[in-house]
Amino acid sequence: MIMNDEKWLYNEMSHSGVDFSDSREVQIYDSYMQKIRNIEPEVAKMKDALILGSDDSVLDIGTGTGEMAIGLACHCKQVLAIDVSAAMIEYAEQKAERRGCSNITFQQAGFLTFAQPQQSLDRVISQFALHHLPDFWKFIALKRIYTALKPGGIFCLQDAVLPVKVDDYKRYFTDVVKQIEISGGEKVARDTEKTIRDEYVTLDWIMEGLLEKAGFTITSQEYGAPFIGTYLCTK
Ligand SMILES: C[S@@+](CC[C@H](N)C(=O)[O-])C[C@H]1O[C@@H](n2cnc3c(N)ncnc32)[C@H](O)[C@@H]1O
C-alpha cells in the first residue's frame, strides 16, 4: 500500500525507455515477439522449470502482451498477470479472452506497487521487465517477491543483463544492435539502443547479488545472447 507521504518512492508508472503506455508500441512489440519467439516450447520449458502443478498460483510481473501468462494458465489453477502499462493489460486481456482463457486476472500494477500478499504465492515469473527499475529499486522489487512467495516457492527471472567479461563495450553494443537490425528491422534496433541507453540494464554479478541478498537461493543461471540472463530461484 503506497502512503501519500511516500514521495521518495520510485515512480514505476513513468516508463523509462520504450514507452509501453502507447498502444501503437504495444502492437509493434507483440508482432515482433510473434516473429522472433517460439512461445510453445518457451511455455513448456517454463512449466518444467517451475515444476508447475494444477493447484498452483502464478504471479507474472510485467506480463506485457500476456503470451507466457496465457500459456501457463492452462497448466495451473490461477494466474495473476500485472503490468504498469494500461495499454499492455488491455491488449493481453483481449488476447486471453479470444483464446478462451478464464483463469487469469489482469491488473495494472508493478513490482513496487502490487498488493503484496504475505507468503501466499506458489510461483512468480518475470520476463524482460525488471531492467526498467534502477538497481536499488530492483532490490526492493526482489524483496517484495520473496515476501509474497510461500516458503519453498519458485521464482523465475529472465531479463536483460550485461556480461561483466566484455572488454570492448563499443564494439559489443554495436554488434548487438546490428544483429537485431538484421533479425527484427530498423524499429527494433532503435528500441534496443533505447534499452541500452535509457533503461537500467545491470551487470550479471550485480543481478546475482541482488537475488541472493533478497533471500533467494539461485538454483540455476543461464546467460545467452543478446545479453539475456535467466535465473531460477527458490525461497
Ligand atoms: C519488454 S516488455 C516484456 C513483456 C513480457 N514479459 C514479455 O516477455 O514479452 C517489458 C514490460 O514490462 C513492463 N514494465 C515496465 N516497468 C514495470 C514495472 N515497474 N513493473 C511491472 N511491469 C513493468 C512494461 O510495461 C512492459 O510491458
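In which helix is M88 found? The answer is α4, the helix that runs over residues 86-98. Before going further, please keep in mind that this is a predicted model.

If you look for G184, which is 96 residues away from M88 along the chain, you will find the two C-alpha atoms separated by 21 Å.

## Around the ligand

Next, turn to the ligand. It is surrounded by 18 residues, and the closest are E12, Y29, G62, D83 and Q127.

From the side chain of Y29, a polar atom lies 2.7 Å from a ligand oxygen. The side chain of R37 has an N or O atom that is 2.9 Å from an oxygen atom of the ligand. With F111 the backbone takes part: one of its polar backbone atoms is 3.2 Å from a nitrogen atom of the ligand. How much of the ligand's accessible area does the protein cover? On its own the ligand has 600 Å² of accessible area, and the protein covers 94% of it.

## Q127, a residue beside the ligand

Q127 was named among the closest residues to the ligand. Q127 belongs to strand β4, which spans residues 121-127. Is Q127 buried or exposed? Q127 is buried, with a relative accessible area of 11%. Its side chain also has a partner within the protein: there is a polar contact of 2.9 Å between the side chains of Q127 and Q158.

Helix α2 covers residues 39-50. With its 12 residues, α2 reaches 16 Å from the first C-alpha to the last, close to the 16 Å expected at 1.5 Å a residue. The buried residues here include V43, M46 and L50. Viewed down the axis of α2, the buried residues fall within an arc of 65°, so they line one face of the helix. On the other side of α2 you will find E40, K45 and D48, which are exposed.

D48 and D19 are 29 residues apart along the chain, and their C-alpha atoms are separated by 33 Å.

The loop between α2 and β1 (57-61) holds I51. I51 is not a glycine, yet it has a positive phi of about 45°. I51 is exposed, with a relative accessible area of 62%.

## Helix α5 and a neighbour from elsewhere in the chain

Helix α5 takes up residues 135-148. It has 14 residues and a reach of 20 Å from first C-alpha to last, close to the 20 Å expected at 1.5 Å a residue. Which residues of α5 are buried? They are W137, K138, A141, L142, R144, I145 and A148. Looking down the axis of α5, these buried residues fall within an arc of 160°, so they line one face of the helix.

A214 is 72 residues from L142 in sequence, while the two are 6.0 Å apart in space, C-alpha to C-alpha. A214 sits in the loop between α8 (204-213) and β7. A214 is buried, with a relative accessible area of 7%.

## The loop between β7 and β8

The last stop is the loop between β7 (217-224) and β8 (228-234), where P226 is found. What is the form of the peptide bond from A225 to P226? This bond is cis, with omega near -15°.

F227 is found in the loop between β7 and β8 as well. Although F227 is not a glycine, its phi is positive, at about 35°. F227 is buried, with a relative accessible area of 7%.

Key. Residues are numbered from 1 along each chain as its sequence is written. This is a predicted model: local features need pLDDT of at least 70, side-chain atom pairs count only at pLDDT 80 or more; totals for chains, interfaces and linings use all residues. Side-chain values use heavy atoms; hydrogens and water are left out. A residue is near a molecule or strand if one of its heavy atoms lies within 4 Å of it. A polar contact is a pair of N or O atoms within 3.5 Å; within protein, one must be able to donate a hydrogen and the other to accept it, and residues adjacent in sequence count only if both atoms are side-chain atoms. Accessible areas come from the Shrake-Rupley method with a 1.4 Å probe; for residues, only the protein chains shown count as cover. Helices (H or I, at least four residues) and strands (E, at least two) are DSSP runs, numbered from the N terminus. The expected span of a helix is 1.5 Å times one less than its number of residues. Buried means under 20% relative accessible area, exposed over 50%, partly exposed in between (1.4 Å probe, protein chains only). The arc is that of the directions from the helix axis to the C-beta atoms.
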